[in-house]
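User: I'd like to learn how to read a protein model feature by feature. Can you take me through one, starting with how its parts touch?

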Amino acid sequence: MKSKTRLTGRVIFKGDSGYESARKNWDPHTDKYPKVFVFAQRTQDVANAIKWARENNVPIRPRSGRHSLEVNLSQVNSGIVIDVSNMKKIKLNKKQGTVIVQTGNRVGRIAKTLAKQGFIAPFGDSPSVGIGGITLGGGIGPLQRSIGLISDNLLEVEMVNAKGKVIRANKKCNADLLWASRGGGGGNFGVYTKYKFKVHRAPAEATVYRITWPWNQFEKVLKAWQKWAPFVNDKLGSELSIGPKKGGNVTMEGLFLGSKSEAIRLLKPVTCVGTPTNKLIRLLPYTEAVNFLLPPDPVLTQRTSNQFSSGFARKPFPNKAIKSMRKFLENVEGGAGFFFLNWGGAVSRVLPRSTAFYWRKAKFYVEWNSSWINQAEAAKNIAIVRNTRRKLDPFIVGSYINVPDQGIKNSGPVYYGANYPRLRRIKAKYDPGNVFQNPQSITPARK
Ligand SMILES: Cc1cc2nc3c(=O)[nH]c(=O)nc-3n(C[C@H](O)[C@H](O)[C@H](O)COP(=O)(O)OP(=O)(O)OC[C@H]3O[C@@H](n4cnc5c(N)ncnc54)[C@H](O)[C@@H]3O)c2cc1C
């Protein structure tokens, strides 16, 4: 290919050694056959890659942690993947209470590095998720009721735009881009290379818990959890996972930024339900609490593909919704199931229009997934997830852009609610030519 600009960084074309491992995402369903991967070592490599792509008319996909949950987001056939995962600096400024991270870091590395130095960085349920992607979509997890979403703590970004120009956004400069970067989703405005976050002092210790019930008690547990989890003390984060009928169980886990005795008391309305088969409630040094909640989850060993869908609930699921859940759980297998996370606290104190992340007023977040290993099973599993969405539609609002479902039509307002028109205007300002796009990306507003 002839062009003015040369690709720099670690460049791997189709056919080069390293190509196969370069195209392994967390979910094999999302692996594609791009023309070239550029593993940027510095911001200039990103800028060169964008210019090269435009000179050669090659579609671009930014990538950080490889955890995208839908197809054609961080890889596309015949495209260029601009991968920032080799850019991993972390610079903590204890005095200012801020940290600057390059976007190639994974969430677990940041949370663990900061915990050792006495600070909290928010995280979700897997250490290997990239800070690059999770931040842009919002970033939910068990600490959100105490310190907000990951993106609520975002103060400044460095991004390379469609012209290959490095720009910064903070409260004073390009404030609209900062607003859009706090929940507007990855792959829309440019390739982000650095984030600056506010950090919080960590407590010396925290209480973690993991309670398990037999699968056939899921209805009872869910009903109790829904009444309790959105209203419990803000320092308590709770994730409820319900596996498939075949081989699955019910697990509630999370953390409380406080004492064990208080945690036991707060958890009672759910732990007293049914007959838990395992009940672990433990006070740990904060560093170990982070390790407990973020066990290893390597990218390259995944064999299972998934279809996910997600939403937010403003009221407890009524019996009709729980009946649809049961039908789904009776028909899926393997790593499939339902996952709930409690809302409220710091997440809900931010107004829906204050950042691009709109779904602030929910009571809980819900996602469900069906999984398969054999490609011949893909269509069936995708269909069951999407049919279940139709059945749950009356009981949920919106959907989480980081857990997308390309079965959703006219998805902008579903992911972004009333923030979508503003996101479209910001898209038109920063990427008028729609250089950064994917199947559900933001369409630039018309002039
Ligand atoms: C096992 C697992 C657990 C998860 N747990 C949670 C959780 O607890 N909480 C939560 O909020 N989410 C969770 N997610 C969802 C996760 O937030 C999204 O999949 C997220 O987009 C992944 O980011 P990534 O950088 O790892 O992925 P990638 O595949 O690298 O990218 C995902 C998307 O972001 C874009 N993107 C990535 N980096 C950049 C960049 N530097 N500049 C511009 N765009 C970029 C990509 O183009 C793509 O559209 C989980 C996902 C998995 C697979």
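User: How many residues of domain 1 are in contact with residues of domain 3?

Analyst: Two residues are in contact if their C-beta atoms, placed from the backbone, lie within 7 Å. Here 8 residues of domain 1 are in contact with 7 residues of domain 3. On the side of domain 1 that touches domain 3, there are 3 nonpolar, 2 polar and 3 charged residues. Ala, Val, Leu, Ile, Met, Phe, Trp, Tyr, Cys and Pro count as nonpolar; Asp, Glu, Lys and Arg count as charged; the others, Gly among them, count as polar.

User: What is the source of the model, and how are residues numbered?

Analyst: This is a predicted model: local features need pLDDT of at least 70, side-chain atom pairs count only at pLDDT 80 or more, and totals for chains, interfaces and linings use all residues. Residues are numbered from 1 along each chain as its sequence is written.

User: Where are the domain bounds?

Analyst: Domain bounds come from an automatic or database domain assignment. Domain 1 is 10–83, domain 2 is 90–202 + 418–430, and domain 3 is 205–395. Between the C-alpha centres of domain 1 and domain 3 there are 32 Å.

User: Which residues are closest to the ligand?

Analyst: A residue is near a molecule if its C-beta atom, placed from the backbone, lies within 6 Å of it. The ligand is surrounded by 35 residues, the closest being Gly-65, Gly-124, Gly-130, Gly-133 and Gly-186. By class, this shell holds 12 nonpolar, 18 polar and 5 charged residues.

User: Which elements supply the shell around the ligand?

Analyst: Helices (H or I, at least four residues) and strands (E, at least two) are DSSP runs, numbered from the N terminus. At least two shell residues come from each of β3, α4 (131–137) and β10. The most come from α4, with 5 residues. Domain 1 and domain 2 both give residues to the shell, so the ligand lies between them.

User: How many residues does helix α2 have, and what span does it reach?

Analyst: The expected span of a helix is 1.5 Å times one less than its number of residues. Helix α2 (residues 43–55) has 13 residues. From first C-alpha to last it reaches 19 Å, close to the 18 Å expected. After α2 comes Asn-57, with a positive phi near 55 degrees.

User: Which residues of α2 are buried?

Analyst: A residue is buried if 20 or more other C-beta atoms lie within 10 Å of its own, exposed if 12 or fewer, and partly exposed in between; C-beta atoms are placed from the backbone. In α2 the buried residues are Asp-45, Val-46, Ala-47, Asn-48, Ala-49, Ile-50, Lys-51, Trp-52 and Ala-53. Their cover includes β2 (36–39), β3 (60–63) and β4 (80–83).

User: Is Pro-122 buried or exposed?

Analyst: Pro-122 counts as buried because 28 C-beta neighbours lie inside 10 Å. Its place is the loop between β7 (119–120) and α4. Leaving out residues up to four places away in sequence, Pro-122 touches several residues, including Gly-139, Leu-143 and Ile-147.

User: How many helices and strands does the protein have?

Analyst: There are 14 helices and 18 strands. The radius of gyration is 21 Å, close to the 22 Å of the globule rule for 447 residues, so the protein is as compact as a globular protein of that length. That radius is taken over C-alpha atoms; the rule is 2.2 Å times the number of residues to the power 0.38. Of the 447 residues, 51% count as buried.
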